[in-house]
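The structure comes before the discussion.

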Amino acid sequence: MTTTDTASLLSVAAEAALAVPGVTGLQPRLARRLAAAAAPTHPVTTPHHTPPEAGIRADRAPDGSGWHIEVRCVLAESHRALDTARHVHDGVRTAVLSHLVTHGVAEPVTTTVTVTRIAARHDTA
């Protein structure tokens, strides 16, 4: 049996969430945003970029029996939030389960999706 690392799960979950129509981005948790704000400033030539994985949290279950994935996403106003959140939930769970199985790990996965904001459509006309 092969173990899988948290970083790869974050990447798989972020990719699956961003692939859902209506998801415009992933929102980092407050602790991560505060840490980034407290970090030393970067030179102007270095663009500030938050990786999509920052909007995902992957934790082992307290008893070690599986994974819990938390997704914090920003949705487009043109899509129904409930349907989009359900698609994110199902897509992320399926992608993470598939990733685990590919690496020889058959463990349960629970998923929580939090919609942090609805992004307004900006007309450019």
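## Salt bridges and their exposure

D59 is partly exposed, at a relative accessible area of 29%. The model is predicted. D59 pairs with R57 through a side-chain salt bridge, 2.8 Å from N to O. R57 is partly exposed too, with a relative accessible area of 35%. The structure holds 3 salt bridges in total.

| Salt bridge | N to O distance |
|---|---|
| R57 and D59 | 2.8 Å |
| R60 and E107 | 2.7 Å |
| R80 and D83 | 3.1 Å |

Which parts of the chain does the R60 and E107 pair link? R60 and E107 form a salt bridge whose closest N and O atoms are 2.7 Å apart. The pair links distant parts of the chain, 47 residues apart. R60 sits in strand β2, residues 56–60. E107 lies in the loop between α3 (81–102) and β4 (109–119).

Is E107 buried or exposed? E107 counts as buried, because its relative accessibility of 17% falls under the 20% cut-off.

The R80 and D83 side chains meet in a salt bridge at 3.1 Å, N to O. R80 is exposed, because its relative accessible area of 54% is over the 50% cut-off. D83 counts as partly exposed, at 30% relative accessibility.

Note on methods:
Residues numbered from 1 in each chain as written. Predicted model: local features only at pLDDT ≥ 70, side-chain atom pairs only at ≥ 80, totals over all residues. Heavy atoms only, no water. Salt bridge = Lys/Arg side-chain N within 4 Å of Asp/Glu carboxyl O. Buried < 20%, exposed > 50% of the residue type's maximum accessible area, 1.4 Å probe, protein only. Helix = DSSP H or I, 4+ residues; strand = E, 2+ residues; numbered from the N terminus.
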